[in-house]
Amino acid sequence: YLSVVERNRIVLVPVRDIVFLRAEQKYVSVRTAAREHLIEEPLVALEREFADRLVRIHRNCLVARAAIRGFERNPGDEDAQWLVVLEGVPDKLPVSRRQWPTVRELVAEK
């Protein structure tokens, strides 16, 4: 579980429900199929802790391996030529050129 502080209470978000984590300035957005939460934990620490479940697709984004459904070409962006299609959310996230070989290998292993 990730502990999320919301309105003077702590909400436990099951790691299995996380679709992606995206760093935005000093916060990290935790996206599940149902909603989004904000936490202040560094993305690098989350990547180390949940390396078995999450894969880095961009310097600011980790996605759940189990949520990856495919990829689409991203013709408008030279840095990110591919978008990852995720189960449970309409968001399509850019895969950086640097991370593409790693992400492609992980999907090939499925």
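Here is a short tour of the core, some charged pairs and a group of rings.

Before you click, know that this is a predicted model, where local features need pLDDT of at least 70, side-chain atom pairs count only at pLDDT 80 or more, and totals for chains, interfaces and linings use all residues. Residues are numbered from 1 along each chain as its sequence is written, and side-chain values use heavy atoms, with hydrogens and water left out.

**Stop 1: the core.** Select Leu21, Ile57, Val63 and Leu86. These have the most contacts inside the largest nonpolar core, which has 31 residues. (A nonpolar core is a set of buried Ala, Val, Leu, Ile, Met, Phe, Trp, Tyr and Cys residues joined through side-chain atoms within 4.5 Å; buried means under 20% relative accessible area, exposed over 50%, partly exposed in between, with a 1.4 Å probe and protein chains only.) Now zoom in on Leu21: leaving out residues up to four places away in sequence, its contacts include Leu2, Val30, Leu43 and Leu62. Contact here means heavy atoms within 4.5 Å.

**Stop 2: charged pairs.** How many salt bridges are there? The count comes to six, a salt bridge being a side-chain nitrogen of Lys or Arg within 4 Å of a carboxyl oxygen of Asp or Glu. Pick Arg69 and Glu87 to see one of them, with its closest N and O atoms 2.4 Å apart. This pair links distant parts of the chain: Arg69 sits in strand E8 (residues 68-73), and Glu87 in the loop between strand E9 (82-86) and strand E10 (92-95). (Helices, H or I with at least four residues, and strands, E with at least two, are DSSP runs numbered from the N terminus.)

Next, select Glu72 and Lys92, whose side chains form a salt bridge at 2.9 Å, N to O. Glu72 is in strand E8 and Lys92 in strand E10, so the pair ties together parts 20 residues apart in sequence. Glu72 is partly exposed at 33%, and Lys92 is partly exposed too, at 40%.

**Stop 3: the rings.** Show Phe71, Trp82 and Trp100, which form one aromatic cluster. The structure holds two aromatic pairs. Phe71 and Trp100 are edge-to-face, 5.0 Å centre to centre with 90 degrees between the planes. (Rings of Phe, Tyr and Trp, using its six-membered ring, pair if their centres lie within 6.5 Å; planes under 30 degrees apart are stacked, over 60 edge-to-face and the rest tilted.) Trp100 is buried, with a relative accessible area of 15%. Why do Trp82 and Trp100 count as stacked? Their ring centres are 5.0 Å apart and their planes lie at 10 degrees, so the pair is stacked.
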